Amino acid sequence: MIGEDITQNLKTIPSIPQKLNRPLTVEVRGECYMPKDSFMRLNERREAEGQPVFANPRNAAAGSLRQLDSRVTADRKLSTFMYNVADFDPIDARTQSDMLLELTSLGFTTNPTNRVAESLDDVFAFITEYTGKRDDLPYGIDGIVIKVNSLPRQRALGATVKDPRWEIAYKFPPEEAQTIVRDIEWTVGRTGVVTPTAVMDPVQLAGTTVARASLHNPDYLVEKDIRVGDTVLLHKAGDIIPEISNFVAAKRDPNSAPYVIPTHCPSCGAELVHLDDEVALRCINPKCPAQLAEQLNHFASRNAMNIDGLGPRIIKQLFEKAYVTDVADLYRLTFDQLVTLDKFGEKSATNLLTAIDNSRDNSLERLLLGLGIRHVGAKAGRLLAAEFGDIDALMAADEESIAAIASVGDTIADSVVTYFENADVQTLIDELKTLGVNMTYTGAPAEPANADGFFNGKRVVLTGKLTQMSRPEATEWLEAQAPRSLAAFLKKRTC
């Protein structure tokens, strides 16, 4: 019903019985994994064949289960552990431990290391034991699950929306590795935030090779006192994001000096500033090349102006050839210019020009999002566009009238007013108008007539693939079904 049908692939896994040892209708839950030796043989074979290797057994197992050819899955030598049932009434067990024995008697494979603990001391003893044994197990683990043994008590305790109340996971401390910081690079984002990144000797960490780690902001860098040449301890936050825990004091060069935070933008040389209530270091030069490149990528993105075919590689070339210096220049591009780009033929040039031309007709909320106004995302852009109708009315609005819009507030209002007060921004808007870019809201009306609609006052979450429309189309349709609440409407009118 939901997700991908991997039934045929699961049938190739030897630890899943094709037939139970006795007749029974039961929903069994468990986990599919790739043993360490299977993972090693798979990567050795792929490397010998010149194919990319898998980063870790978890990714390899997931990829193996999603194969269209079940023979490939069978060749990957996967295995399973079953550890639960949806309803314990059909089975002859009233405890978690007996349920595992029952699953085994039915022909399933359960983890033989399970143990009933009579006290917290037993739990911690088990954790200590397997913290030492984890590397010797034939499969990878990142923790231990502690469960209430009584199945009726599990049922009585129930679950929250996300988690059962009758079990908890103890996670092992993250794997750490030592490496050396060779440089600290500073990159400029679309909004001008300048972020430091540690460049390190490559090191294997939790199944992947890591050579870079974000240092987040100057305050973080100063607090951690990371210096070029330091030996540092590296781990993955949440088992995903590389992060420096600390430097190794015993290995620090006694002649090393604290890292000096830059005062000027690495891209344009403009002086960097700290804005009020921000830890970030920011370049506020509106002509900063690094920001312009990121702004163009954002402007052309799917949720903004949706200019198909205009990606980072093309934008980089447009900058290098000085064909564009801001978003308005996109609408001045010519066929003769585009065909000079690397690996860009006549058909590609024609398609891109068509996509750019089509974007002129976008509704105002897409333009507002594409302009990259601080704090203005897709939802705020739509609310602003629907309320004011066109760009001129929005530019003329004061903070009070903008903040009065439901779900907008003072922060967004201040950001919008500050943005449109900038002379360079006003010039840009005039240029876009001259180039035929639409400046009006053409979406659904702000106040749909059906105030008693089914979706009014409800929160709807969209996830996964939809069969009859795209997610943006579904979002637009849902928003059209529910007007702003009466309270928000009265607040706006009262203000």
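**Notebook: one predicted chain**

I began with C32, which counts as buried at 19% relative accessibility; buried means under 20% relative accessible area, exposed over 50% and partly exposed in between, with a 1.4 Å probe and protein chains only. The model is predicted, so I note that local features need pLDDT of at least 70, that side-chain atom pairs count only at pLDDT 80 or more, and that totals for chains, interfaces and linings use all residues. Residues are numbered from 1 along each chain as its sequence is written, and side-chain values use heavy atoms, with hydrogens and water left out.

**Entry: cysteines**

I looked for disulfides, taking one as a pair of cysteine sulfur atoms within 2.5 Å. By this rule I count zero disulfides. C265 is in no disulfide, and the nearest cysteine sulfur, that of C268, is 3.7 Å away. C265 is buried, with a relative accessible area of 5%. For my own reference, a disulfide is a covalent bond between the sulfur atoms of two cysteines.

**Entry: the whole chain**

How many helices and strands does the chain have? I find 20 helices and 10 strands; these are DSSP runs, helices being H or I of at least four residues and strands E of at least two, numbered from the N terminus. The C-alpha atoms fill a box of roughly 75 × 70 × 50 Å, taken along the principal axes. Of the 495 residues, 35% count as buried. I then looked at contacts, where contact means heavy atoms within 4.5 Å. Among contacts between residues at least 6 apart in sequence, 58% join residues at least 24 apart.

**Entry: L65**

L65 lies in helix α3, residues 57-65. L65 is buried, with a relative accessible area of 12%. Leaving aside neighbours within four places in sequence, I list I6, N9, L10, I13, C32 and L78 as the contacts of L65.

**Entry: helix α5**

Which residues of α5 are buried? In this helix, residues 96-106, they are Q96, S97, M99, L100, E102, L103 and L106. I looked up what these buried residues pack against and found β1 (28-33), β2 (79-85), β3 (143-147) and α7 (151-157). Just after α5, G107 takes a positive phi of about 115 degrees.

**Entry: positive phi at two lysines**

I note first that most residues other than glycine have a negative phi. K77 has a positive phi of about 60 degrees although it is not a glycine. I place K77 in the loop between α4 (70-75) and β2. K77 is partly exposed, with a relative accessible area of 48%. K343 is not a glycine, yet it has a positive phi of about 55 degrees. I find K343 in the loop between α11 and α12. At 72% relative accessibility, K343 counts as exposed.

**Entry: α9 against α10**

Helix α9 (residues 289-300) packs with helix α10 (residues 312-320) at an angle of about 140 degrees, their axes 10 Å apart. That makes α9 oblique to α10. The axes are lines fitted to C-alpha atoms, for helices over the stretch in contact, and angles run from 0 to 180 degrees between N-to-C directions. Angles under 35 degrees count as roughly parallel, over 145 as roughly antiparallel, 65 to 115 as roughly perpendicular, and the rest as oblique.

Which residues make the contact? On α9 I list P289, L292, A293, L296 and N297, and on α10 P312, I315 and F319.

**Entry: Y323**

Y323 sits in the loop between α10 and α11 (335-338). Y323 is partly exposed, with a relative accessible area of 21%. Not counting residues up to four places away in sequence, Y323 touches L318, D329, L333, Q337, T340 and L341. Y323 and L333 are 10 residues apart in sequence and 7.2 Å apart in space, C-alpha to C-alpha.

**Entry: S359**

Is S359 buried or exposed? S359 is buried, with a relative accessible area of 1%. I find S359 in helix α12, residues 346-359. Apart from neighbours within four places in sequence, S359 is in contact with M305, I307 and Y331.
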